[in-house]
Amino acid sequence: MQVSIGGDLEIEQRLDAYALVRLSPTERASARMRARIMREARLSMAAGSTASLPRSIYTVRARRRGGLWRRGAGLLLAAGLSLAVAGGAMAAAQAGGPLYPTRLWLETIVLPADGAARTDADLVRLEARMQEVIAAARKGDRAAVAAALLAYQEIADEALLAATGDAAAIDRVRIALDRHLAVLEAVAAKLPPQASESIGRNIDRAIERNGATLDRIESNKGGPATQPGPAAKPDKTPKPAAKPTPALVPARTQHPQPTPVVVEPPKGPPDPKPDKTPPGHGGSQTP
Amino acid sequence: MTIDDAAIERLVAEARSGDQWAFGMIFDHYHESVYRFIASRVQRPSDAEDLTQLVFVKVLEALPRYESRGVPFGGWLFRLARNAVIDFVRTRHEHSDLEAVAERSHGDAGPDEIAIVRQELDAVGAALATLTDEQRETISLRFFAGLSAREAAEAMGKQEGTVRGLQFRAIAALRRQLGITDEAIAGAEFRTPRQVGVTNDG
């Protein structure tokens, strides 16, 4: 922007101050927007289609203004998901299928806005994705494993974001991630011989990410609220230390026993690839 | 961090080929300026947030069809943002920014707004409300979003000279509204330093 002299400079300074104080998004708003947009990007770039995106973004607004009926719908969602996991869903809506992104989107419509109900629903969704990973790995379905793991990671990020500032909720998510980490390790160790190497790589990457997320939660304990994902910005205002909840928070080494996975002999060596992390994301980058 | 135009074009090309990381970088680079532009045109911060997301979803949709052809990406992006705001205002029957800018100033002051600064900012909000739509849009794109005159012209679908003219008249009107004269500026030299750190990014 060109700098003019005298009064113009004064005007520019006042407009800059106005923009800075009155028009800039909060750190939290920026983190929220990024989480949602990147979720849409993952969905659209993974599916190669963006047909349903605008509607899904509007559901964000609808969700925020949600009422009691959505909480009820959340319970229905939980029940429905359990049935779906137990009985199997339509083939097209299974992980890796053409309707899988739509199914995931439908799940988000009825998510409770926040609080314990939201955490409940997120944990149910995480569990569902984990079951899909196990089932797909058992079948050696590479695309399904990748799709389910991608969805799992997004839900984990969203769950942590929704739990921000709620130590108990973060602990519940952490415990679930910890357990899933053990499950993934068991799956990776027992992949069937016909499973492709890429399945192993995907699972190894998911293990790596889950581990990193858990480490991040641990390191944030007693500090500012946890923000999900490598791209999330830290809270502007540090929050007080989380209350200790010893009964709910087993030590990192106290892994529950991995869920038995009915998959056969070991596979080749893992070949984890680190994700790209946007450098300097935390800063303000107004062009 | 600043990213030059060539780097932006590279990121856009990578995002077009499905690179999520590149798209994330584009979002990081532009989201604050898009939000500021939108926030200056709609009433509620929640609407600004929703619309900012909508703009980036539209970017996702439109990226495969984007061709630079000498048009700066920022101008293209802000054209999407501008259209999103226009659609929003039209469908909501909301007169977005005449009184809203002034309304925004009251009641929700943050901790970093001390009394003197608050008065100054209220005055700026009120002065902005007196501009014409085009003048205000120009100010929003040039000062709040930080676009170059060329990018602002692309976003508004006007000639660069027209945008410069709008900006000139808008600043003159703001000077009048805010009582900024050469004498006032000379007097201000003797006042205490400003309490809000502002920058001129050139």
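Visitor: What percentage of the 202 residues in chain B is made up of buried residues?
Guide: Buried residues come to 45% of chain B. This is a predicted model.

Visitor: How many helices and strands does chain B have?
Guide: Ten helices and zero strands. Along the sequence the pattern reads α-α-α-α-α-α-α-α-α-α. Of the contacts in chain B with a separation of 6 or more, 65% join residues 24 or more positions apart.

Visitor: And which figures describe chain A?
Guide: Chain A has 287 residues, and 42% of them count as buried. Chain A has nine helices and zero strands. Its contacts with a separation of 6 or more come to 75% from residues 24 or more positions apart.

Visitor: Why is A:Thr213 called buried?
Guide: A residue is buried if 20 or more other C-beta atoms lie within 10 Å of its own. A:Thr213 has 23 C-beta neighbours inside 10 Å, so A:Thr213 is buried. A:Thr213 sits in helix 9 of chain A, residues 197-220. Leaving out residues up to four places away in sequence, A:Thr213 touches A:Ala156 and A:Leu177. From A:Thr213 to A:Gln153 it is 60 residues in sequence and 9.9 Å in space, C-alpha to C-alpha.

Visitor: What makes A:Ala35 buried?
Guide: The cut-off is 20 or more. A:Ala35 has 20 other C-beta atoms within 10 Å, and therefore counts as buried. A:Ala35 belongs to helix 2 of chain A, residues 27-47. A:Glu154 is 119 residues away along the chain, with 8.5 Å between the two C-alpha atoms.

Visitor: Why is B:Glu134 called partly exposed?
Guide: Buried needs 20 or more neighbours, exposed needs 12 or fewer, and partly exposed is in between. B:Glu134 has 15 other C-beta atoms within 10 Å, so B:Glu134 is partly exposed. B:Glu134 is part of helix 7 of chain B. B:Met156 is 22 residues from B:Glu134 in sequence and 9.0 Å from it in space, C-alpha to C-alpha.

Visitor: Which residues of helix 7 of chain B meet helix 8 of chain B?
Guide: B:Glu137, B:Thr138, B:Leu141 and B:Arg142 of helix 7 do; facing them in helix 8 are B:Ala152, B:Ala155 and B:Met156. The contact of helix 7 with helix 8 in chain B has four nonpolar residues, one polar and two charged.

Visitor: What makes helix 7 and helix 9 of chain A roughly parallel to each other?
Guide: Under 35 degrees counts as roughly parallel. The axes of helix 7 and helix 9 of chain A cross at roughly 10° and come within 9 Å. The two helices are therefore roughly parallel. On the helix 7 side the residues include A:Val145, A:Leu149 and A:Tyr152; on the helix 9 side they include A:Ile203, A:Ala206 and A:Thr213. That contact divides into eight nonpolar, four polar and two charged residues.

Visitor: How is helix 8 of chain A oriented to helix 9 of chain A, roughly parallel or roughly antiparallel?
Guide: Helix 8 of chain A, residues 167-189, packs on helix 9 of chain A at about 150°, with the axes 9 Å apart. Over 145 degrees is the rule, so helix 8 of chain A is roughly antiparallel to helix 9 of chain A. Their crossing is left-handed. Among the residues in contact are A:Leu177 and A:Leu181 from helix 8 and A:Thr213 and A:Leu214 from helix 9. Eleven residues of this contact are nonpolar, five polar and four charged.

Visitor: Which residues have the most contacts inside the largest nonpolar core?
Guide: A:Val133, A:Val145, A:Ala148, A:Tyr152 and B:Ile38, in a core of 107 residues. Helix 7 of chain A, residues 142-162, gives the most to this core, with 15 residues. Another core, of five residues, lies apart from it and includes A:Val110 and A:Val124.

Visitor: What does B:Ile38 touch?
Guide: Not counting residues up to four places away in sequence, B:Ile38 touches B:Ala48, B:Leu51, B:Thr52, B:Ala81 and B:Val85.

Note on methods. Residues are numbered from 1 along each chain as its sequence is written. Chains are lettered from A and ligands numbered from 1 in the order in which they are written. This is a predicted model: local features need pLDDT of at least 70, side-chain atom pairs count only at pLDDT 80 or more; totals for chains, interfaces and linings use all residues. A nonpolar core is a set of buried Ala, Val, Leu, Ile, Met, Phe, Trp, Tyr and Cys residues joined through C-beta atoms within 7 Å. Helices (H or I, at least four residues) and strands (E, at least two) are DSSP runs, numbered from the N terminus. Two residues are in contact if their C-beta atoms, placed from the backbone, lie within 7 Å. Ala, Val, Leu, Ile, Met, Phe, Trp, Tyr, Cys and Pro count as nonpolar, Asp, Glu, Lys and Arg as charged, and the others, Gly among them, as polar. Axes are lines fitted to C-alpha atoms, for helices over the stretch in contact, and angles run from 0 to 180 degrees between N-to-C directions. Angles under 35 degrees count as roughly parallel, over 145 as roughly antiparallel, 65 to 115 as roughly perpendicular and the rest as oblique. A crossing is left-handed if the near helix is turned anticlockwise from the far one by less than a right angle, and right-handed if clockwise.
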